[in-house]
Amino acid sequence: MSTPILAAAAVLAIATYAIRYAGLRASEALQSTDGLARQMDRGVIILLAAVSATLALFDGHDLADPARVAGVVLGGTAALLRLPLVVVVLVAGVSAALLRLI
């Protein structure tokens with residue numbers, strides 16, 4: 001192997017461990033406040049909802065078909081009802097498939 005490749009691998013390894021160490025130190029500092037932990041949990045939920053909405057409503061640059069939107073809405077409703085994951089996936093998939101047949 002050439003020297004530049006080895007140097008790049010060494011830099012990436014050091015940077016990876018530095019980021020991991022910084023994450024551990026930051027999590028220790030941030031765990032002390034309950035309000036911040038709640039805000040982080042809410043942020044994760046909001047981010048997941050935004051990604052789900054984007055994937056449900058758009059197909060590339062175009063709007064998604066209504067069957068996909070309905071499948072995501074029904075799957076999300078099943079998830080909010082705390083049904084098992086298999087049931088949530090089946091509700092979303094079967095409803096979208098049936099709507100596409102119509």
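User: What makes L55, A56 and L57 in α2 and R68, V69 and V72 in α3 count as meeting?

Analyst: L55, A56 and L57 of α2 meet R68, V69 and V72 of α3, where contact means heavy atoms within 4.5 Å. Helices here are DSSP runs (H or I, at least four residues) and strands are E runs of at least two, numbered from the N terminus. This is a predicted model, in which local features need pLDDT of at least 70 and side-chain atom pairs count only at pLDDT 80 or more, while totals for chains, interfaces and linings use all residues. Residues are numbered from 1 along each chain as its sequence is written, and side-chain values use heavy atoms, with hydrogens and water left out.

User: Why are α2 and α3 called roughly antiparallel?

Analyst: Helix α2 (residues 34-57) and helix α3 (residues 66-80) pack at about 150 degrees, with axes 8 Å apart. Axes are lines fitted to C-alpha atoms, for helices over the stretch in contact, and angles run from 0 to 180 degrees between N-to-C directions. Under 35 degrees counts as roughly parallel, over 145 as roughly antiparallel, 65 to 115 as roughly perpendicular and the rest as oblique. α2 and α3 are therefore roughly antiparallel.

User: What makes D59 and R68 a salt bridge?

Analyst: The closest N and O atoms of D59 and R68 are 3.8 Å apart. A salt bridge needs a side-chain nitrogen of Lys or Arg within 4 Å of a carboxyl oxygen of Asp or Glu, so the pair of D59 and R68 qualifies.

User: How many salt bridges does the whole structure have?

Analyst: A search finds 2. R100 also forms one with D65, at 3.0 Å between the closest N and O atoms. R100 lies in helix α4 and D65 in the loop between β2 (62-63) and α3, so this pair ties together parts 35 residues apart in sequence.

User: Why is D59 called partly exposed?

Analyst: Buried means under 20% relative accessible area, exposed over 50%, and partly exposed in between (1.4 Å probe, protein chains only). D59, at 47%, is partly exposed. R68 is also partly exposed, at 25%, and D65 is partly exposed at 30%.

User: What makes V86, L90, V94, L98 and L101 a nonpolar patch?

Analyst: Patches are made of residues with over 30% relative accessible area and no salt bridge; like charges are joined within 9 Å, nonpolar side chains (Val, Leu, Ile, Met, Phe, Trp, Tyr) within 5 Å. V94, in helix α4 (residues 85-101), has a relative accessible area of 44%. Together the five residues V86, L90, V94, L98 and L101 have about 520 Å² of accessible area, by the Shrake-Rupley method with a 1.4 Å probe, where for residues only the protein chains shown count as cover.
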